[in-house]
Amino acid sequence: MLQHILSYLKFLKNSSNQHGVHSPFVYQLLTECLYTKQTPEKFSIVKKHRKWLLQNNNEIEVTDFGAGSRVFKSNLRKVSAIAKNAGMTQRRQRLLSKLIAYLKPNEILEIGTSVGLATAAIWSGSSPSSKITTVEGCPATSGIARKGFEHFSIHNIDQATMKFDQFFESENFRNKIDFAFIDGNHSKKSTLDYFEKLLSRMTNDGIIIFDDIYWSTEMTEAWKDICAHPKVTVSIDTYQWGLVFFRKEQQKEHFTIRV
Ligand SMILES: C[S@@+](CC[C@H](N)C(=O)[O-])C[C@H]1O[C@@H](n2cnc3c(N)ncnc32)[C@H](O)[C@@H]1O
């Protein structure tokens, strides 16, 4: 807890908004996307889907993976509690939706579906021709996500219910990727592993977003290694998320930005 307060204070001290940014690419990303008020039209469905999950008090038997939960003690969990604790906030859903609408990626990959809050946000910003793949190891959790997608006609989602490691070795992981959102198994080794696997698949305009880069010392170490990688040109620390781009036309530069 103290570690989080300290890292957040440090972030606040080092961070800026668009006024401290000289890169036209990042300036535009902020002023034309992240700092805009307007959200894609389909975001109204994301809000209904979120409410539906938060009102679902059915219990499911969850299979735990990765670095585990800091909140839950038992494997029998209410869907509403999973949505509240493991899922993303509405504010983050809005940012994700806007990012997708702005960057217009074709091939989108989410690592860590949980009950589908981020997936729905991704979908709301995407075009009908985008291909969205989301990976979740727990069959019961993945099943709840599927029900929600069906109920709200959130189409176009390819759900891979398997361990992340399995996914990266599978047939499903063969295309180039424009947008990857990594939100599960928050250990240094796994995060760096997934990053390495994704590197060869990222398009020049591609982006990877890492969630929870200050969740632990390990995650912050992984984030620093990722920023330092020679293939990463632009990296943006927004505290909750770390964004990395691979655009060869950009010079290597790191930004610390409040969003
Ligand atoms: C933080 S939650 C994802 C939240 C979701 N992206 C959202 O914002 O709504 C992480 C999910 O990743 C899954 N997970 C963690 N490690 C995994 C692994 N090694 N293989 C498969 N699934 C894993 C967990 O079961 C959990 O549902």
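Which side chains meet in a salt bridge at 3.5 Å, N to O? Let's find out in the first exercise, after a short note on the model.

This is a predicted model, in which local features need pLDDT of at least 70, side-chain atom pairs count only at pLDDT 80 or more, and totals for chains, interfaces and linings use all residues. Residues are numbered from 1 along each chain as its sequence is written, and side-chain values use heavy atoms, with hydrogens and water left out.

**Exercise 1. Find the salt bridge from the opening question and place its partners.**

Step 1. Recall the rule: a salt bridge is a side-chain nitrogen of Lys or Arg within 4 Å of a carboxyl oxygen of Asp or Glu.

Step 2. The partners are Asp-205 and Arg-247, at 3.5 Å from N to O.

Step 3. Asp-205 belongs to strand 7 (residues 202-211) and Arg-247 to the loop between strand 9 (241-245) and strand 10, so the pair ties together parts 42 residues apart in sequence. Helices (H or I, at least four residues) and strands (E, at least two) are DSSP runs, numbered from the N terminus.

Step 4. Check the cover: buried means under 20% relative accessible area, exposed over 50%, and partly exposed in between (1.4 Å probe, protein chains only). Asp-205 is exposed because its value is 52%, whereas Arg-247, at 17%, is buried.

Step 5. Look for shared partners: salt bridges join Asp-205, Arg-247 and Glu-249 into one network.

**Exercise 2. Describe the salt bridge between Lys-131 and Asp-158.**

Step 1. The closest N and O atoms of Lys-131 and Asp-158 are 3.8 Å apart.

Step 2. Lys-131 sits in strand 4 and Asp-158 in strand 5, 27 residues apart.

Step 3. Lys-131 is partly exposed at 33%, and Asp-158 is partly exposed at 36%.

**Exercise 3. Work out the order of the strands in the open sheet of 8 strands.**

Step 1. Two strands pair if DSSP finds at least two bridges between them.

Step 2. The order is 5-4-3-6-7-9-8-10, and the pairing is mixed.

Step 3. Strand 5 (157-161) and strand 10 (253-256) are the edges, as each pairs on one side only.

Step 4. From one strand to the next, the twist averages 15°.

Step 5. Zoom in on strand 3 (residues 107-111) and strand 6 (residues 177-182): these run parallel and are joined by 4 bridges. Glu-110 has Phe-181 in strand 6 as its bridge partner.

**Exercise 4. Is Ser-235 buried or exposed, and what does Ser-235 contact?**

Step 1. Locate Ser-235: this residue is in strand 8 (residues 234-237).

Step 2. Ser-235 is buried because its relative accessibility is 2%.

Step 3. Count contacts, meaning heavy atoms within 4.5 Å. Leaving aside neighbours within four places in sequence, the contacts of Ser-235 include Trp-223, Cys-227, Glu-253 and His-254.

**Exercise 5. How many residues of helix 6 are buried?**

Step 1. Helix 6 covers residues 117-125.

Step 2. The count is 9 of its 9 residues, so the helix is mostly covered.

Step 3. Among the buried residues of helix 6 are Leu-117, Ile-122 and Trp-123.

Notes:
Axes are lines fitted to C-alpha atoms, for helices over the stretch in contact, and angles run from 0 to 180 degrees between N-to-C directions.
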